[in-house]
Amino acid sequence: MTIWNGMRAAVAAVAGGAALAATTPAVAETVVVTAARMLDVQSGRIVERPVVTVIDGKVSSVASGAAPAGEAKRIDLGDVTLIPGLIDMHVHLTSLAEVGGYQTLKYTDSFWGAVGVANAAKTLRAGFTTVRNVGASDFQDVGLKEAIDGGWVIGPRIVPAGYAIGATGGHCDDNALPPSYDRKLPSVVNSPEEARAKVRWLHKYGAEVIKICATGGVFSLGDSVGGQQLSVEEMRAIADEAHMLHMKVAAHAHGDEGIKAAIVAGIDTIEHVSLASDEAIRLAIQHKTWFDMDIYNDDYILATGTKNGTEQESLDKERMIGLKQRQTFQRAVKAGVMMSFGTDAGVYPHGDNAKQFAKMVEWGMTPLQAIRAATSSAAQALGRDDVGVIAPGRWGDMVAVRGDPLADVSVLEHPVAVVKGGVRVD
């Protein structure tokens, strides 16, 4: 038998099995989740004695009072407050805060995919049931998503970006090696035409969101943290192409000119947003652009210094923008910019994502605003109506915490139970 005939036989066998399965009625699994309280993030109200019924992973009803009698599986979480599964809009699951700079060159390429499995588990157990992974080499985030969705490993729902698109010599290129080791990342572009083609390439291999580097960065060497690196024309070409494919675009942008250019070009979410002017904030409100600001990790970066391989140049950049970024966050919140929750996990240890809530409250948000940023608002920024709220039609993703998160948002740092798709996470 030839290879092709063998493949045809295998496909026919699979198709026959699928047809047989289609004629066999499926038994829907019903799970009833109960707790003492639930935060309705849309209304801001606390619901007493919630009863959440989940059928085949999705919420079918939300009520209060006594759980109905029946043979459904019960998950009684006791004296806790339920909130929707949390969403982190900016993570790098295949990166380690503990291994940075030139220390990364000690490890083989496949090492990073392996640690991604551990980081995904830490993230889910920390209460984050959905993440947007904005940058990974070799489509490792796509593979990790496939492994999680297939039930091979545990982790959150992943919206993968694959490679991040950037300019030659920019934050999304590789500037750490001399010319004798010349290496250009596959996602580097140098014209609007190349930018359009790169979006199509990323989409072809599993990206569900596009990430671009509009300005320099803290951890890239030899560039200005605030300097613009992609033209408005290149950014507009990326946004137009991605939107045609029903994909959203996130722009790494620290500097004001790059932030404004990204907003005008039609980018959906601006990441970091460290040095945004009042004009940029007004533009964001006008264009309904989301800000996604990682205002916790400055503490970790400066506390660890060069210990994890961070170069002194990067520490100097962080010292320059850390406080300014938090002040920008404060002004943006006060002005009414749409805000989502993104931490840049991977720059600091995975699993500590919820430490950012207290920092967001410290710099101007109410606890409810901070929680919405990681639930209903994040779902809106993602363009998804299946996560972010405990409501019929959404995935049965829930987190249980002790106490009242509206009185003390730091309780989110210590979840006592996590449920994903109606299944309690071990």
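Let's start with what the buried residues of α6 pack against: α5 (232-244), β14 (248-253), β15 (269-272), α7 and β16 (290-292). Do keep in mind that this is a predicted model. Helix α6 covers residues 256-265, and 8 of its 10 residues are buried, so I'd call the helix mostly covered. If you want to find them on the screen, the buried ones are Asp 256, Gly 258, Ile 259, Lys 260, Ala 261, Ala 262, Ile 263 and Ala 265.

Two packed helices are described by the angle between their axes and the distance between the axes. For α6 and α7, the angle is about 15° and the axes are 10 Å apart. Angles under 35 degrees count as roughly parallel, and therefore α6 and α7 are roughly parallel to each other. The crossing of α6 with α7 is left-handed. On the α6 side, the contact is made by Asp 256, Ile 259, Lys 260, Ile 263 and Val 264. Facing them from α7 are Glu 279, Ala 280, Leu 283, Ala 284 and His 287. Sorted by class, the residues of this contact are 6 nonpolar, 1 polar and 3 charged. Asp 256, Ile 259, Lys 260 and Ile 263 take part in this contact, and they are also among the buried residues of α6.

Let's stay with α7, which runs over residues 278-287, and turn to its packing with α9, residues 312-335. How are α7 and α9 oriented to each other? Their packing angle is about 40°, with the axes 10 Å apart, and the two helices are therefore oblique to each other. The crossing of α7 and α9 is right-handed, whereas α6 passes α7 in a left-handed one. From α7, the residues involved are Asp 278, Ile 281 and Ile 285. They meet Thr 328, Arg 331, Ala 332 and Ala 335 in α9. The tally for that contact is 4 nonpolar, 1 polar and 2 charged residues.

On to the aromatics, and I do enjoy this part. There are 11 aromatic pairs in the structure. A pair of aromatic rings is described by the distance of the centres and the angle of the planes. One of the pairs is Tyr 107 with Phe 111, which is stacked, at 4.3 Å centre to centre and 25° between the planes. Tyr 107 lies in the loop between β8 (86-91) and α2 (111-125). Leaving aside residues up to four places away in sequence, Tyr 107 touches Val 99 and Trp 112.

Another pair is Trp 201 with Tyr 205. Here the ring centres are 6.3 Å apart and the planes are at 70°, so the pair is edge-to-face. Trp 201 is partly exposed, with a relative accessible area of 27%, and Tyr 205 counts as partly exposed at 41%. Both of these residues belong to a cluster: ring pairs link Phe 139, Tyr 163, Trp 201 and Tyr 205.

How values were computed
Residues are numbered from 1 along each chain as its sequence is written. This is a predicted model: local features need pLDDT of at least 70, side-chain atom pairs count only at pLDDT 80 or more; totals for chains, interfaces and linings use all residues. Side-chain values use heavy atoms; hydrogens and water are left out. Axes are lines fitted to C-alpha atoms, for helices over the stretch in contact, and angles run from 0 to 180 degrees between N-to-C directions. Helices (H or I, at least four residues) and strands (E, at least two) are DSSP runs, numbered from the N terminus. Angles under 35 degrees count as roughly parallel, over 145 as roughly antiparallel, 65 to 115 as roughly perpendicular and the rest as oblique. A crossing is left-handed if the near helix is turned anticlockwise from the far one by less than a right angle, and right-handed if clockwise. Contact means heavy atoms within 4.5 Å. Ala, Val, Leu, Ile, Met, Phe, Trp, Tyr, Cys and Pro count as nonpolar, Asp, Glu, Lys and Arg as charged, and the others, Gly among them, as polar. Rings of Phe, Tyr and Trp (its six-membered ring) pair if their centres lie within 6.5 Å; planes under 30 degrees apart count as stacked, over 60 as edge-to-face and the rest as tilted. Buried means under 20% relative accessible area, exposed over 50%, partly exposed in between (1.4 Å probe, protein chains only).
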